[in-house]
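Subject: Handover of a structure and notes on its contents

Dear colleague,

Please find the structure below, together with its sequence.

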Amino acid sequence: MSDLYLFLVVLLLGLAIFDLVVGVSNDAVNFLNSAIGSRVAPRKIIMVVASVGIFIGAASSDGMMEVARKGIFHPEAFSFADVMVLFTAVMLTDIILLDLFNTFGLPTSTTVSIVFELLGAAVAVSLIKMSQLDQGLGHMGEYINWANAGKIVFGILLSVLVAFTIGALTMYLSRLLFTFRYEKRLKWVGAAWGSLALTALTWFLLTKGLKHAAFLENSSDWIKANIFIVIGISFAFWAVVLQIVAQFTRFNILRIVVLFGTFSLAMAFAGNDLVNFIGVPVAGFTAYGQWVDSGQTAEAFNMAILAEKIPTPWYLLFGAGLIMVLTLWLSRKARSVTETEVKLGRQNEGSERFSPNALSRGIVRFSQAVGDGFRMLSPRGAATRSRRTFEKVELTPVVEGGEVPDFDLVRASVNLAVASMIISYASAQKLPLSTTYVSFMVAMGASLADRAWGRESAVFRVAGVFSVIAGWFGTAAAAFTAAATFASVIYFFGIYGIVGLVLLAGGLVLRTSIVHRRRESKKAAQQQGESTNTELDHAAVQDQSAALVAETLQTLQGIFREGIAGLLREDLAATRAARKQMTALEERNENLRYALYHYIRRIQGKGPAAGRHYLKIISLEQDVVQSAGLIVNSAATHVENVHLPPSEKQTQGFEKLLPEVQAYLHAGENLLENEPISKGQRQEYRARRDALVSYLDALLDNQVEGVREATYGARNSLLFFSIVLEFRDLVNTVEDLITEFTELKL
């Protein structure tokens, strides 16, 4: 039996490494979004600053892993065997849950996930123990601390509302002070604002980031007792430093605020949230050592020791810090989570990730009506001044040769300073909250007040915010349910249940990694199109548009193979798969409308001629996709409605048509991939088109004759006409695309 628990301890320590990876990937958004969104420095510099903060935060922690976090369960009510079941279920659930959120780029709270996982697993084990002892539900309070669980839920709800409100108000006042042309006012108000922000960040660093540091162990109480002295000294120090920088150098002092804030939040994250990742495994390791020394059976040894704080060896802290830093640099999912928040708050318009819904539309309409009412009641002069204050300017790189930021340094400094102040105050008052929730809602409130959510993007951004918030509450429910289920499986099935759950977790993580890579590859072309840093010459426009159309033709070959073959075999799965692929292609084309805007802005020289070329290419390509969509949807709907399949003669026509269409699309794909296209190649392709159109016309004539002779039913005839006519339009449009690439001289 001891071998089983040794295996569980080793498994927990191994899971801790994976949990560090998925945890950092999720929480990176807390301290990276402001620096990356404002492009305050090259990405490598930002990553170095954050890495130093993470490593120092992990290494300077006093290593006290509070396992019974906030008193979620009473350890003295459980045996060693019980808590090992509980801990294993918690770690497996945490890895699966956080990895799933990271895959889809949704920031969630590692604190909330670990709390509700502990709660769910503890409730499951408690119910099992109560049934064995023939106890009623009234005894649940002996096992679970419901009061603290309720306090955490209340803290979550309150922090979301408070963070959004304070973030919006502070951003509005800051923009009134600075306007979007903030560089002109930095010399006379920048130092004062920067000092306030840096003082807030310093206080946050002392009370949150370094509260576990050994060298401040004897000073933390004095700092808390003399808050005004510390704040005054900090403000005076930063005011002098920033005034010197503002007056005698050209360095933007807001860059100091943003980089220092990034360091502070990264350090606080590592020093305080480390318990979320390695606290449970360390507790399991400690409990195992205590059990071995006791000489008792696993079922008899009481776990009251877990109510105390459990020390962690320094080498584990250093190792954890190193893993966290490596994850920050290497994890693609960390970048995805960061991009979600940055894109929801960006100043510029562009393609949006989230689709609008009735709720987001209703909120935007209501807000617009309220805003119109305020404008009607406001004096004309005040409205004019407000309009001038919030008149946006085109964003330019903060550092020479850098990328164009998504928002400016004023907003970035507000995000960091306000989030730090809220977290510091809540920590001092011992109020439970999530740093992820606070950081995200401050950023969203600041985006709203900064008028980043214009009428062209508001419904998408509001829908995105509600999607993320819904995911937060889903985190709690999913964590509780999954951990309870896993704990029950492990309790009743032992080693077999553990092995099965480990295989399940590994399979899910592998699957989400594949899904994430596919999502990233789809975003690559769109991000390239939206980049406004570099200009395109005419040849580049030609090459990129040719590659775009070639990719579409290649994708359609597979879609038609699935869709038409599924129709002929009455294969519902195949037609649905074709429809799903078609939907993805249509979504990509939707994003091309925004990419088109950025392409046209970047074209050098004869912009109108080159722009018209690209516009015509996109228009023709969309016509091709529209025809393909009608073909696939017609086939899928016919099969779903369980209509009669095509007749034998119709089937023969489709079986001959499909390879001809695929060969035609493949030939067009080859021409575009190996352009420039000669006139001879175009003429050869036109002849191929003519032959295919003639065959399509023959199919139509045969079908018309069959209808006249009542050979075919109405449903099959309408289906046949629809598909063949759309194929005819598609074939002609593809030839027009080849002609466009041949004849138009940029």
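In these notes a residue is called buried when its relative accessible area is under 20%, exposed when it is over 50%, and partly exposed in between, using a 1.4 Å probe and protein chains only. The model is a predicted one: local features need pLDDT of at least 70, side-chain atom pairs count only at pLDDT 80 or more, and totals for chains, interfaces and linings use all residues. Residues are numbered from 1 along each chain as its sequence is written, and side-chain values use heavy atoms, with hydrogens and water left out.

Aromatic pairs

Two rings of Phe, Tyr or Trp (for Trp, the six-membered ring) form a pair if their centres lie within 6.5 Å; planes under 30 degrees apart count as stacked, over 60 as edge-to-face and the rest as tilted. The count by this rule is 13 aromatic pairs. One of them joins phenylalanine 237 and tryptophan 238, which is edge-to-face because the ring centres are 5.1 Å apart and the planes stand at 70°. Phenylalanine 237 counts as partly exposed because its relative accessibility is 48%, whereas tryptophan 238, at 14%, is buried.

Phenylalanine 654 and phenylalanine 720 make a tilted pair, with 5.1 Å from centre to centre and 50° between the planes. Phenylalanine 654 belongs to helix 20 (residues 648–673) and phenylalanine 720 to helix 22 (residues 714–743), so this pair ties together parts that are 66 residues apart in sequence. Helices here are DSSP runs (H or I, at least four residues), numbered from the N terminus.

Elsewhere, Tyr5, Phe80, Tyr288 and Trp291 form one aromatic cluster.

Salt bridges

The term salt bridge is used for a side-chain nitrogen of Lys or Arg within 4 Å of a carboxyl oxygen of Asp or Glu. The structure contains 13 salt bridges.

In one of them, lysine 129 meets aspartate 82, and the closest N and O atoms are 3.0 Å apart. This pair links distant parts of the chain, since lysine 129 is in helix 4 (residues 110–132) and aspartate 82 is in helix 3 (residues 80–103), 47 residues apart. Both lysine 129 and aspartate 82 are buried.

Glutamate 640 forms a salt bridge with arginine 579, again with 3.0 Å between the closest N and O atoms. Glutamate 640 lies in helix 19 (residues 607–640) and arginine 579 in helix 18 (residues 572–602), so the pair ties together parts 61 residues apart in sequence. Glutamate 640 is partly exposed at 30%, and arginine 579 is partly exposed at 22%.

Arginine 728 and aspartate 697 also meet through their side chains in a salt bridge (2.7 Å, N to O). Here arginine 728 of helix 22 is linked to aspartate 697 of helix 21, 31 residues apart. Arginine 728 is partly exposed, with a relative accessible area of 25%, and aspartate 697 counts as partly exposed at 25%. Salt bridges that share partners also join Arg175, Asp408, Arg411 and Asp450 into one network.

Two helices

The expected span of a helix is 1.5 Å times one less than its number of residues. Helix 5 (residues 146–178) has 33 residues and reaches 47 Å from its first C-alpha to its last, close to the expected 48 Å. Just after helix 5 comes threonine 179, with a positive phi of about 60°.

Helix 21 (residues 679–708) has 30 residues, which should span 44 Å; the end C-alpha atoms are 43 Å apart, which agrees. Its buried residues include Arg682, Tyr685, Leu692 and Gly706. Alanine 710, which follows helix 21, has a positive phi near 60°.

A colleague

Definitions and conventions: Helix = DSSP H or I, 4+ residues; strand = E, 2+ residues; numbered from the N terminus.
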